[in-house]
Amino acid sequence: MAHIELNNDLPGIRGLMFYSPETEAPLNALAEQLLRDDNNSLSRGERELIATYVSYLNDCFFARMCTAL
């Protein structure tokens, strides 16, 4: 597995965003497109649930801040 030493203690993708701030906006835009776009066969809730489960399997505790799904 590829590894980048981030030199920070931030969890999950937050560490990557802090490490490389110029990639923060594109990463957030990608997440929004994948998880929030309405032109999809899965509901937003289903996509969020899949993302949460995959994060759990990867031992990643990044939690998206969201209001209602």
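Mentor: Start with Arg47. Its relative accessibility is 7%, so Arg47 counts as buried; the cut-off is under 20%. Keep in mind that this is a predicted model.

Trainee: Where does Arg47 sit in the chain?

Mentor: Arg47 is part of helix α3.

Trainee: And what does Arg47 touch, leaving aside neighbours within four places in sequence?

Mentor: Arg47 is in contact with Leu34, Leu35, Arg36, Asp37, Asn40 and Leu42. Leu34, Leu35 and Arg36 also belong to the α2 side of the contact between α2 and α3.

Trainee: How do the axes of α2 and α3 cross?

Mentor: Helix α2 covers residues 24-36 and helix α3 covers residues 44-57. Their axes come within 8 Å and cross at roughly 125°. The two helices are therefore oblique to each other.

Trainee: Which residues of α3 make that contact?

Mentor: On α3 they are Arg44, Arg47, Glu48 and Ala51. On α2 they are Leu34, Leu35 and Arg36.

Trainee: How many of the residues in that contact are nonpolar, polar or charged?

Mentor: The contact of α2 with α3 has three nonpolar residues and four charged ones. It has no polar residues.

Trainee: Let's zoom out. How many helices and strands are in the protein chain?

Mentor: The chain has three helices and zero strands. Along the sequence the pattern reads α-α-α.

Trainee: What share of the residues is buried?

Mentor: Buried residues are 12% of the 69 in the protein chain. Arg47 is one of the buried residues.

Trainee: What about the accessible surface?

Mentor: For the protein chain it comes to about 5,700 Å². Carbon and sulfur atoms account for 60% of that surface.

Trainee: What share of the contacts joins residues at least 24 apart?

Mentor: That share is 30%, counted among contacts between residues at least 6 apart in sequence.

Trainee: Changing topic: the segment before α1. Is Leu10 there buried, partly exposed or exposed?

Mentor: Leu10 is partly exposed, with a relative accessible area of 40%. Not counting residues up to four places away in sequence, Leu10 touches Gly15 and Phe18. Helix α1 covers residues 12-19.

Trainee: And Pro11?

Mentor: Pro11 is in the segment before α1 too. Pro11 is partly exposed, at 39% relative accessible area.

Trainee: How far apart are Pro11 and Cys60?

Mentor: In sequence, Pro11 and Cys60 are 49 residues apart. In space they are 7.1 Å apart, C-alpha to C-alpha.

Trainee: What about the phi of Asn7?

Mentor: Asn7 has a positive phi of about 55°, although it is not a glycine. Asn7 also lies in the segment before α1. With a relative accessible area of 64%, Asn7 is exposed.

Trainee: Last topic, confidence. What is the average pLDDT?

Mentor: The protein chain averages 76, and 83% of the residues score at least 70.

Trainee: Which element has the lowest mean pLDDT, and which the highest?

Mentor: α1 has the lowest mean, at 79. α3 has the highest, at 83.

Trainee: Where does pLDDT stay under 50?

Mentor: Over residues 64-69. The model has 11 contacts beyond four places in sequence for that stretch.

Terms used. Residues numbered from 1 in each chain as written. Predicted model: local features only at pLDDT ≥ 70, side-chain atom pairs only at ≥ 80, totals over all residues. Heavy atoms only, no water. Helix = DSSP H or I, 4+ residues; strand = E, 2+ residues; numbered from the N terminus. Buried < 20%, exposed > 50% of the residue type's maximum accessible area, 1.4 Å probe, protein only. Contact = heavy atoms within 4.5 Å. Areas by Shrake-Rupley, 256 points an atom, 1.4 Å probe, with all protein chains shown as cover. Axes fitted to C-alpha atoms, helices over the stretch in contact; angles between N-to-C directions. Parallel < 35°, antiparallel > 145°, perpendicular 65-115°, else oblique. Nonpolar A, V, L, I, M, F, W, Y, C, P; charged D, E, K, R; others polar. pLDDT = per-residue confidence, 0-100.
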